[in-house]
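Here is a briefing on one protein model. Look over the sequence and the 3D view, then work through the points below.

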Amino acid sequence: MANGMGSIFVGHSGLKASQDSIHNVANNLANVNTPGYVRQQVVFRDARYSNLAYSKNNYKKLIGQGTSIGEIVHARDIFLDKAFRTENGRQSYYAATYEAVDEVQNYFQELEGTAFQQILNGDQTSLWQAFEEFSKDPSDMAAQNLVIQRASLFATRSQALFKGLMNYQTNINIQINDDIDEINEYIKTIYDLNKQIQGIEAGGRETAMNERDARDYALDQLSKFGHVTYEERANGSVAVKFEGELVADNMFCYTMGKKIDPMTGYITPYWPHLSHEDAGRYTEVFDFTREICTQFNTDIGELKALVQARGTTVSNFNDILNADPDRYDATVGLSIMQNTQAEFDQLIHGIVTQINDLLSPNKNMDELLVENEDGTYSVYKNVKVLDEENCCVGADGKKPPQELFTRSGCERYRKVTAYDKEAGEWRDYYMYNEEDVNDSVSITLNNGKTYRVFNDRKEPKATTVSTVDTSNQDIAKDADGRIKVIVGADGKITGIETKTAGGVAGSIPLTTSGEKPYCPWDKPGNEKYTNQKIDGSWVLNENYHYDTSKQYTSLEIEINYDLLTNITNLPHKHDDEKIAHDMAINLTKLWDNATLSINPRYTQAKYNYSDYYKEMIGEIGIIGSLYGTTAEKLEGTVSAVENQRNEVIGVSSDEELTRMIKYQNAYNASSRYIQTISDMIEMLVTML
């Protein structure tokens with residue numbers, strides 16, 4: 001009887017085990033579409049045994065009490081998890097970069113029939129075609145009007161394209177902002193789940209399965225944005241590192257900060273806990289000085305790709321012109337947006353300045369003594385002035401002649417009174433207003449300190465100036481009341497003559513105040529170069545703000561308003577009224593001149609306008625193809641790893657339904673078993 005009653009418990013254990021298994025299957029089916037959910041599997045074990053007696057050989061006589069659920073397996077493959085997260089981040093990097101390159105290609109509209117190249121040198125609507133017509137008869141008003149209209153279209157399209165690139169940089173910046181917010185949320189989530197898991201599992205009797213699933217899902221999502229490494233500790237928490245820096249465990253939670261550039265508004269992610277913000281020292285999240293490659297796992301993460309693609313600022317021709325190749329590759333060349341802006345703007349700058357230099361030509365003056373408005377005198381070296389002998393004029397016959405493209409914030413010339421050494425007299429000159437360009441270079445001293453100094457080897461050289469104050473001097477003057485200038489045997493101006501004292505004429509040397517870089521755009525508080533010299537060179541003021549309105553850039557060029565209102569003022573004739581066919585023909589030849597280098601590293605390769613544009617577009621296409629192909633291949637890799645992982649952790653409704661039928665049958669079998677034992681006991685009791 002005792003054994004019979006005990007047999008009921010065997011059936012009861014099977015009944016309960018089957019019922020709990022059905023509940024487990026139901027839970028799996030309910031979460032088949034839950035992101036991050038890991039399939040739970042039941043593992044059965046024998047229930048405890050009862051010891052009835054010992055045999056003569058001292059063996060235990062045991063009787064089993066049925067079955068029970070030993071554990072619910074929460075199966076994961078840590079190797080597949082790591083492979084998925086690494087490849088997921090790498091695929092996101094290449095996909096984000098390809099998207100940026102693809103957007104750049106769309107702005108140039110090469111595949112949509114309205115390519116910028118048609119404006120450059122097409123047969124019907126290009127600037128080149130307008131100059132071809134102009135060269136036939138420069139005095140023809142219709143040809144002059146065509147030049148101005150095509151130039152206006154050229155400037156408008158250039159600005160629209162460049163502004164489009166800038167707007168996309170802003171869009172990328174918004175994505176960066178959103179990604180940082182999302183990353184910080186995942187970091188906080190992992191930290192909170194670490195605390196919950198540690199609390200639940202501290203007793204050693206329960207596994208925080210749902211919390212672990214949520215944490216693993218957060219790690220999966222975090223891996224998309226950067227290089228993530230992690231390690232599970234004995235207390236159940238996970239220590240997570242993002243780009244090599246600890247961001248979350250069960251004790252610490254470090255989120256990213258946003259360093260905002262006051263000029264551009266661009267956001268750079270940094271680590272606040274490793275930075276000294278008050279001192280202006282920031283530890284940025286990404287180190288772009290390291291080579292970006294798969295070998296070092298530096299080609300991982302959407303956020304890194306976005307920061308790299310956007311760049312740090314808006315670039316123009318000045319960033320690529322005469323740039324140091326290594327410095328360019330490590331800065332502007334690293335960003336698809338900045339590199340494209342610099343290369344495109346160099347093309348526009350080259351076209352605009354070369355056209356202007358033919359319509360309103362300059363000549364170099366090795367030395368020019370100028371009378372300033374405040375009564376002082378300055379000597380400018382390597383300065384440009386209007387070449388009045390070789391320039392052409394418009395219908396009004398006025399000089400200086402009109403340039404076709406103007407800078408929005410700067411006139412081409414300023415009129416000065418200067419000393420003509422050859423004629424030995426003072427007269428008016430039209431001094432060219434140099435562009436405000438980056439004319440500095442980095443030098444490193446023996447003490448390891450690096451400075452940005454004036455680059456006097458850059459072509460064209462920036463002008464230098466010496467200023468002399470004659471207000472407290474007794475100056476000798478000629479009959480016209482002009483100061484007398486002393487010219488040496490070598491033809492150089494050596495000084496200003498003073499009145500005879502004791503029968504001996506004196507002079508004021510022109511190097512009294514010393515020479516320094518001449519920067520016409522200096523303003524109080526924004527001087528380009530300090531009075532400090534390093535290694536014989538003037539040191540750049542690091543806070544100097546370059547004025548792009550003083551440059552012929554895509555954003556700043558405009559069509560000369562005087563030409564828009566007076567078409568015939570476009571230079572087309574010489575002083576003797578002869579039509580300037582020679583100048584017009586030279587304008588058309590500009591399209592054949594190979595003057596532009598597309599890359600600072602390969603300056604020996606020169607291109608004309610058309611070939612330069614093709615080379616630039618080809619370079620973008622090659623980069624896009626490379627990143628697109630890599631992203632596509634990695635997408636297949638991620639998908640393959642994900643499929644393998646789902647075989648371990650994924651829920652299959654078909655498999656779960658099969659198990660449910662099995663457990664249902666087991667439940668029915670246990671029920672029949674109990675019924676049979678019950679009938680047997682009832683029969684025995686009745687018979688007794």
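**A buried arginine, and what surrounds the rest**

Arg 412 sits in the loop that links β14 (405-407) to β15 (413-420). Helices (H or I, at least four residues) and strands (E, at least two) are DSSP runs, numbered from the N terminus. The model is predicted: local features need pLDDT of at least 70, side-chain atom pairs count only at pLDDT 80 or more, and totals for chains, interfaces and linings use all residues. Residues are numbered from 1 along each chain as its sequence is written, and side-chain values use heavy atoms, with hydrogens and water left out.

**Arg 412**

- Arg 412 is buried, at a relative accessible area of 4%. Buried means under 20% relative accessible area, exposed means over 50%, and partly exposed is in between (1.4 Å probe, protein chains only).
- Its side chain makes a polar contact with the side chain of Glu 403 at 3.2 Å.
- The side chain of Arg 412 also makes a polar contact with the side chain of Tyr 413, at 3.3 Å.
- A polar contact is a pair of N or O atoms within 3.5 Å; within protein, one must be able to donate a hydrogen and the other to accept it, and residues adjacent in sequence count only if both atoms are side-chain atoms.
- Leaving aside neighbours within four places in sequence, residues in contact with Arg 412 include Asn 356, Asp 357, Arg 407, Met 431 and Tyr 552. Contact means heavy atoms within 4.5 Å.

- Lys 304 belongs to helix α7 (residues 302-310). Lys 304 is buried, with 2% relative accessible area.
- Not counting residues up to four places away in sequence, Lys 304 touches Tyr 93, Phe 225, Phe 286, Phe 288 and Thr 298.
- Val 465 is 161 residues from Lys 304 along the chain, and their C-alpha atoms are separated by 46 Å.
- Ser 315 lies in the loop between α7 and α8 (325-330). Ser 315 is buried, with a relative accessible area of 1%.
- The side chains of Ser 315 and Gln 338 make a polar contact at 2.8 Å.
- Beyond four places in sequence, Ser 315 touches Phe 162, Val 332, Gln 338, Gln 341 and Ala 342.

**The β5-β6-β7 sheet**

- Three strands form an open sheet in the order β5-β6-β7, with antiparallel pairing. Two strands pair if DSSP finds at least two bridges between them.
- β5 (228-232) and β7 (245-248) are the edge strands, and each pairs on one side only.
- On average, neighbouring strands of this sheet are turned by 35° against each other, direction ignored.
- β5 and β6 (residues 238-242) run antiparallel and are joined by five bridges. Thr 229 has Lys 241 of β6 as its bridge partner.
- Helix α6 (residues 209-222) lies across β5 and β6, running at about 155° to β5. Axes are lines fitted to C-alpha atoms, for helices over the stretch in contact, and angles run from 0 to 180 degrees between N-to-C directions.

**Helix packing**

- Helix α9 (residues 336-359) packs with helix α12 (residues 609-649) at an angle of about 175°, and their axes are 11 Å apart.
- That angle makes α9 roughly antiparallel to α12. Angles under 35 degrees count as roughly parallel, over 145 as roughly antiparallel, 65 to 115 as roughly perpendicular and the rest as oblique.
- Among the α9 residues making the contact are Phe 344, Leu 347, Gly 350 and Ile 351; among those of α12 are Tyr 612, Met 616 and Ile 620.
- By class, the contact of α9 with α12 has eight nonpolar, five polar and two charged residues. Ala, Val, Leu, Ile, Met, Phe, Trp, Tyr, Cys and Pro count as nonpolar, Asp, Glu, Lys and Arg as charged, and the others, Gly among them, as polar.

**Hairpin and backbone details**

- Strands β24 (residues 529-534) and β25 (residues 537-540) run antiparallel, joined by three bridges. Tyr 529 has Leu 540 of β25 as its bridge partner.
- Two residues lie between the strands of this hairpin, where Asp 535 takes a positive phi near 55°.
- Glu 243, in the loop between β6 and β7, has a positive phi of about 55° although it is not a glycine.
- Asn 297 is in the loop between β9 (267-270) and α7. Asn 297 has a phi near 55° and is partly exposed at 28% relative accessibility.
- The peptide bond from Lys 399 to Pro 400 is cis, with omega near 0°. Pro 400 lies in the loop between β13 (383-386) and β14.
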